[in-house]
Amino acid sequence: MIYARSLVLRRTLPFLVSALALGLVAGCDDGNGSSSSNGSSSSSGSGGAGGQDESFRLSGSLSYEYIPFDVDLEKLDYGKIEKRPIRGASVRLLDADTDAEIAKTTSDDEGAYSFDYTGAAKVKVWVYAQTEVPSLIVEDNTSGDEVYVMESNTADSAADAKLDVLAATGWDGTAYTKTRAAAPFAVLDTAYTAARRFLDEVSPPPELPPLKFNWSINNRPEDGDKAMGQVGTSHFDGEELYILGKEDVDTDEFDSHIIVHEWGHWFDRTLGRADTIGGTHASSDIEDPRLAWSEGFCTGLSAILLDPDTTYTDSSGPGQAGGFANDVEVNDNNVESNPGWFSETTVQGLVYDLYDGPNEPFDQVSVGIKGIYEAHQSQKNKASFTTLFSFVASLKENEPQAAPGIDAVTSFYNASADFGIDPIEDEWGTNETHSGGFPGSLPVYKEGVVGNSYTVDMTGDDESNRLCQNVYFRIEGDGMPITVTSTSPSNVDLAVFNAGVLVTSDENPSGEESLTFDSEAGTIYVLSVRGYNTMPVSYAADITISH
């Protein structure tokens, strides 16, 4: 068996998956102070010395090193590095002398690949941090969005030659001193795992569009120029994902739940509907229900797709020796955690319990990935915002026989008069009694009738994405233009939505807002009133709806 004697993490400009030439390869330091030079290739084979007309077979396995998280010590455990297969990756066979492409293939679920070919006897393999089904790619946002490629050492072909290639971590026991070849493949494989669960377990399988991940050793938690690695945090920007990688600060390539969580935001936005208003958030916050749903769903989804690994972990700090670990399967209904329809912690636990088997007294329902996916698809057509209410209402509509079990799961979180969830009747949160400590939050959607005026009570907070600073009205269109105005001593914004799509808004920096929209008879619109008072005091906004 022939093994790669050295590994080089190379980058190449993005390429089309076709018979086109591979293009130029950028030089990259191999971790030993040397650098590879650029070389061109073509899709036609080229014979090496003595190998022009000979037939060869080259096969082997591709793998990467994965660093697990120590849940007890809350840090990456470099003493227990695992070897995992590189699955579904694009593999290219090249003439070692000319860099001409001889053939291409895809690694299987065990990381195995093989080439039967006629051509050069001296060859090498390029392994791309890229899969084709689903279409995933890992690129370096700090190096012109070039795609990561791992190059094997040269192999001498034979009738049945073997070449195994390993992407190593680059860790020497105390620091990353060599090329971190494993990192982009760890990101790729985690995303591959998430996508395959849906592709393999949902029928018909969803059509997943191409997705790019941006990972770099320079990606750090600073706001600024992403081309310089100032990505803020691991996140989905509406088009692509950015993953942290700065050693001794915050690295996420081995934080699988973080990667799936961010992949979940892409999945939610691309295949579903995400109405979240974003912003700073934490597990015990009493949040706007759009935000609570989005963050809780994506965390719950990470536990579902990485099942049986349900512990959400994140490493950070010097030597990646810090971080946290939270088991999504541990259901927190203590009043101190502020459980309810406005809590991302409640949402994540509830979503996972709806998916998993009947393994707890209060949890006797199991809808599986198929049920979660179908409810996720159904809720995007709701007139309401996407919240826990729209999801559970969709799930109960799809699986009415499971309604009692679903109600039992939601009722488990009832901790007090203010914190909890009542059995969910519909997408509007009808008859919900838990206010999160803010009476103005109920009813969840207030009925807005043309010709009437209303006073809504709000409470200031450092963040405008809290439950206390967001009020919803449900307005039925009558075929005529409808005008909404607000008067408040504090800054408030008005926005009108039709099934999650913004119709119009007024967001001037005052409490005096006005907007008008053409309504369709019988169509339900949602009016959002969002406050921005940063002082922890109560304030009111007068809302008038008229023609």
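User: Between which two strands is the loop where Gln320 lies?
Analyst: This is a predicted model, in which local features need pLDDT of at least 70, side-chain atom pairs count only at pLDDT 80 or more, and totals for chains, interfaces and linings use all residues. Residues are numbered from 1 along each chain as its sequence is written, and side-chain values use heavy atoms, with hydrogens and water left out. Helices (H or I, at least four residues) and strands (E, at least two) are DSSP runs, numbered from the N terminus. On that basis, the loop holding Gln320 runs between strand 21 and strand 22.

User: Does Gln320 count as buried or exposed?
Analyst: Under 20% relative accessible area a residue is buried, over 50% exposed, and in between partly exposed (1.4 Å probe, protein chains only). Gln320 has 0% relative accessibility, so it counts as buried.

User: What is the phi of Glu74, a residue that is not a glycine?
Analyst: Most residues other than glycine have a negative phi. Glu74 sits in the loop between strand 5 (69-70) and strand 6 (75-76), and is partly exposed at a relative accessible area of 31%. Gln320 has a positive phi of about 55 degrees. For Glu74 the phi is also positive, at about 55 degrees.

User: How much space lies in the largest cavity?
Analyst: On a 1 Å grid over the protein atoms alone, a cavity is a set of points where a 1.4 Å probe fits but cannot get out, a pocket is an open set with protein on both sides within 12 Å along at least five of seven lines, and lining residues have an atom within 4 Å of a point. Grid points are joined across faces, edges and corners, and a volume is the space filled by probe spheres set on the points. A search of the whole structure finds one cavity of 30 Å³ or more. The space in the largest cavity is about 60 Å³.

User: Which strand gives the largest share of the lining of the largest cavity?
Analyst: The lining includes Asp288, Trp341, Lys446, Asn470, Val471 and Tyr472. By class it holds seven nonpolar, three polar and two charged residues, where Ala, Val, Leu, Ile, Met, Phe, Trp, Tyr, Cys and Pro count as nonpolar, Asp, Glu, Lys and Arg as charged, and the others, Gly among them, as polar. The largest share, three residues, comes from residues 470-476, that is, from strand 25.

User: Which helix gives the largest share of the lining of the largest pocket?
Analyst: The largest pocket holds about 1100 Å³ of space. Its lining has 40 residues, with His261, His281, Glu295, Tyr312 and Glu344 nearest the centre. Elements giving two or more residues include helix 2 (256-271), helix 3 (289-305) and helix 4 (344-355). The largest share is five residues, from helix 2.

User: How many charged residues are in the lining of the second largest pocket?
Analyst: About 370 Å³ of space lies in the second largest pocket. Of its 21 lining residues, Tyr66, Arg84, Ser256, Leu306 and Asp309 are the closest to the centre. Besides nine nonpolar and six polar residues, the lining has a charged set, numbering six.

User: What separation do the C-alpha atoms of Ala540 and Thr455 have?
Analyst: Ala540 is in strand 31 (residues 538-546) and is partly exposed, with a relative accessible area of 27%. Not counting residues up to four places away in sequence, it touches Thr455, Val456, Asp457, Thr487, Ser488 and Pro489, a contact being heavy atoms within 4.5 Å. Ala540 and Thr455 are 85 residues apart along the chain, and their C-alpha atoms are separated by 6.5 Å.

User: What percentage of the 547 residues is buried?
Analyst: The protein has seven helices and 31 strands. Its C-alpha atoms fill a box of roughly 90 × 50 × 45 Å along the principal axes. The buried part of the 547 residues is 56%.
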